Amino acid sequence: MAFFDAINQLIHCNVIYCGPATSGKSSSIRHIASNYAQHQQLIYPLQRYAHEEVRLVSCSVLGQQQLGAWRLHLHCLGQAGAAMDVRYIKHWISIADAIIFVADSQRHKLQENIRQLQHIARIQTANKRNFSKLPLVLHYTKRDLQGSLPIETLQRYLNPLAWDYAETNAAAGPVEPIVAALHMFETRLIAYLKQAIIPSLAPFARLLGNFD
Ligand SMILES: Nc1nc2c(ncn2[C@@H]2O[C@H](COP(=O)(O)OP(=O)(O)OP(=O)(O)O)[C@@H](O)[C@H]2O)c(=O)[nH]1
Ligand SMILES: [Mg+2]
């Protein structure tokens, strides 16, 4: 859940990269980190955690939009797909403010993509959060591989809510669509924060300042 740092007027948001195993989650986060490092805008560097079965890749960057005087800090977090399936996905979805769903475009991965998306929807619903309001952007990765499905087919099966999407090659770039996709959900995220979170902060209004 978003964390409001009143002193620095920052809103820390968790952006969870999820999707099937080996779809390109870690590679996408690596591209984000190197792009922002190049522009000296990386807030926290790329980090990898290895703790028991938990394999995590993360980095943090500034958002492009503001909420009044407040700035977004986007914490990009990706976990190994195999581990996502079992014990940890519930935790990551429950702390997600936004999701980048990294879908593998290969034909034989379609079922796995669908299962993962359905799983996320079920967890959101179980957490009493509205799945259709969840800020989500789709990455269709591995567009360079022969045997990847046409975009129309992927859209038909994986994008019933007309989310924004990007076509990416997470292995060899280009980096632009991966970076652009990270910021595509910001409008929806800000709307969500205004509607669902900020009203509950009313008692702290004087402390927090103006969000308009
Ligand atoms: N050709 C091609 N290979 C890709 C693409 N994206 C990822 N890969 C390759 O797929 C493999 C897995 O990529 P990762 O970024 O580690 O995928 P992941 O989703 O983090 O994998 P897990 O954490 O193990 O689930 C690597 O060998 C990548 O180089 C892509 O768009 N095109
Ligand atoms: Mg990974």
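A residue is called buried here if 20 or more other C-beta atoms lie within 10 Å of its own, and exposed if 12 or fewer do. The legends below describe a predicted model.

**View 1. Overall make-up of the protein.** The protein contains seven helices and eight strands. Of its 212 residues, 38% are buried. Contacts between residues at least 6 apart in sequence are counted here, and 74% of them join residues at least 24 apart.

View 2. Neighbours within four places in sequence are set aside for Phe101, which is then in contact with Cys18, Gly19, Leu117, Leu136, Leu138 and His139.

**View 3. Trp70 in strand β5.** Trp70 belongs to strand β5. Trp70 has 22 other C-beta atoms within 10 Å and is therefore buried, the cut-off being 20 or more. Asp5 lies 65 residues from Trp70 along the chain, and the C-alpha atoms of the two are separated by 9.3 Å.

**View 4. The buried side of helix α5.** Helix α5 spans residues 176–184, and its residues Pro177, Ile178, Ala181 and Leu182 are buried. These residues lie on the same side of α5 because they cover an arc of only 145° around the axis. The elements against which the buried residues of α5 pack are helix α1 and the strands β2 (10–18), β5 (70–79), β6 (98–104), β7 (136–141) and β8 (164–167).

**View 5. The two faces of helix α6.** In helix α6, residues 186–197, the buried residues are Glu186, Leu189, Ile190, Tyr192 and Leu193. Down the helix axis, the buried residues of α6 fall within an arc of 160°, so they line one face of the helix. Thr187 and Gln195 are exposed and sit on the face of α6 turned away from its buried side.

**View 6. The shell around ligand 1.** Ligand 1 is surrounded by 18 residues, of which Gly24, Ser26, Ser27, Gly81 and Ala170 are the closest. By residue type, the shell divides into ten polar, five nonpolar and three charged residues. Helix α1 (residues 25–38) gives the most to this shell, with three residues.

Conventions
Residues numbered from 1 in each chain as written. Chains lettered and ligands numbered in written order. Predicted model: local features only at pLDDT ≥ 70, side-chain atom pairs only at ≥ 80, totals over all residues. Helix = DSSP H or I, 4+ residues; strand = E, 2+ residues; numbered from the N terminus. Arc of directions from axis to C-beta. Near = placed C-beta within 6 Å. Nonpolar A, V, L, I, M, F, W, Y, C, P; charged D, E, K, R; others polar. Contact = placed C-beta atoms within 7 Å.
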